[in-house]
Amino acid sequence: MRRRIFERNRGRWRTHCRVSVALLMLGSMSEAVYADETGISYWLPGRFGSLAAVPQVPGWSMAEVYYHTSVSASGAVAAAKEIQIGRFPGTVNVNLNANLNAQADLVLLNPTYTFATPVLGGQLAIGVIGLFGRASTSINGTLTAVVGPVVATRSGSISDSLTSVGDLYPQATLKWNAGVHNFMTYLTGDIPVGAYDPTRLSNLGIGHGAIDGGGGYTYFNPASGHEFSAVAGFTYNFKNHDTNYQNGIDFHVDWGASQFLSKQVFVGLVGYVYQQVTDDFGQHPILGAFRSRVIGVGPQIGYLFPVGDMQGYLNLKGYGEFAAENRPAGWNTWLTFSLSPMAPTSTVAPTRRMVTK
């Protein structure tokens with residue numbers, strides 16, 4: 001009898017934790033409001049987080065995210081932005097003593113369907129992410145341009161803001177469960193249909209397509225409440241034909257660690273490492289290879305609760321960035337709410353076995 005009660009409680013805990021983790025993989029793009037050639041990647045560091053590889057309950061789920069970011073940069077990053085918007089031609093030798101500041105407030109919507117029928121012994125889920133919101137950017141400083149014997153200096157500031165919609169980001173995941181071990185692979189990308197103009201400082205589209213894929217692992221022990229997740233991947237960026245610029249290949253690792261304080265509440269840490277591994281093509285000579293890098297870390301808290309016969313999930317996480325190179329850096333926060341199917345207690349074990357055969 002005690003054993004049956006323990007297994008039942010263990011199953012309930014797993015049910016609570018099988019939330020729509022697709023919401024943690026949103027392609028909102030931290031300052032993807034700018035083109036890649038200004039030191040901003042298609043990939044948003046922090047897209048994945050805790051429980052990333054845990055299989056879900058089959059059916060439709062919906063995630064909504066409010067995302068805020070505030071970043072700044074100087075030197076080559078600010079120069080790259082002025083080059084991209086056409087403030088001076090790429091043949092001019094420049095020395096830019098300037099600072100770039102940017103903020104974005106975005107809302108992301110992510111409907112996802114999780115299939116009940118196993119695919120390659122795992123659980124397939126397909127979704128798409130759309131976003132809308134506002135971005136604002138400013139550059140302040142002094143530009144010195146040299147053309148032969150002529151030297152020109154200009155001081156001042158330029159700014160721009162935009163409220164519109166962004167690109168679309170289709171996404172597919174395949175997940176497997178083996179007790180406390182969970183594995184996943186994913187494929188996502190960018191369909192460049194959002195608001196984009198290479199002569200603007202602020203955009204909500206990136207002006208080119210991209211493909212990103214990788215894999216991840218989650219350790220989750222319902223008995224102890226310990227959880228750790230890590231997901232790594234690579235991004236291939238297609239050429240931006242508006243600027244004849246192609247960003248290099250990017251490598252990224254997102255991770256999350258948490259401790260469940262109860263069946264409904266967990267706390268922990270999140271982090272990421274982003275590193276561009278190949279050179280850009282089409283950049284101004286003063287920018288060199290212009291490979292980007294950034295590291296981020298911060299706290300998180302999550303809360304699971306029933307909403308009728310659905311599973312509700314609320315999560316707040318934030319990142320402070322450091323060790324940035326050729327990339328704007330600062331801080332960002334995610335406030336996520338999702339609804340997903342809640343499996344009946346009596347069917348938790350069969351559902352888990354079905355998707356792991």
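Here are some notes on the confidence, the nonpolar patch and the aromatic pairs of this structure.

1. First, some ground rules. This is a predicted model, in which local features need pLDDT of at least 70, side-chain atom pairs count only at pLDDT 80 or more, and totals for chains, interfaces and linings use all residues. Residues are numbered from 1 along each chain as its sequence is written, and side-chain values use heavy atoms, with hydrogens and water left out.

2. Over residues 346-357 the pLDDT stays under 50, and the model has 21 contacts for them beyond four places in sequence.

3. Tyr66, Leu261, Val267, Ile301, Tyr303, Leu314, Leu316 and Leu335 make a nonpolar patch of about 700 Å². Strands β11 (293-307) and β12 (310-325) each supply at least two of its residues. Patch residues have over 30% relative accessible area and no salt bridge, with nonpolar side chains (Val, Leu, Ile, Met, Phe, Trp, Tyr) joined within 5 Å and like charges within 9 Å. A salt bridge is a side-chain nitrogen of Lys or Arg within 4 Å of a carboxyl oxygen of Asp or Glu, and accessible areas come from the Shrake-Rupley method with a 1.4 Å probe, where for residues only the protein chains shown count as cover.

4. Take Leu316 in strand β12. Its relative accessible area is 45%, so Leu316 is partly exposed (buried is under 20%, exposed over 50%, partly exposed in between, with a 1.4 Å probe and protein chains only).

5. On to the rings: the whole structure holds 16 aromatic pairs. In Tyr113 and Phe115 the ring centres are 4.9 Å apart and the planes at 85°, so this pair is edge-to-face. Rings of Phe, Tyr and Trp (its six-membered ring) pair if their centres lie within 6.5 Å; planes under 30 degrees apart are stacked, over 60 edge-to-face, the rest tilted.

6. Phe234 and Phe251 are a tilted pair, 5.0 Å centre to centre with 45° between the planes. Phe234 lies in strand β8 (residues 226-237) and Phe251 in strand β9 (residues 250-260), so the pair ties together parts 17 residues apart in sequence.

Key:
Helices (H or I, at least four residues) and strands (E, at least two) are DSSP runs, numbered from the N terminus. pLDDT is the predictor's confidence in each residue, from 0 to 100. Contact means heavy atoms within 4.5 Å.
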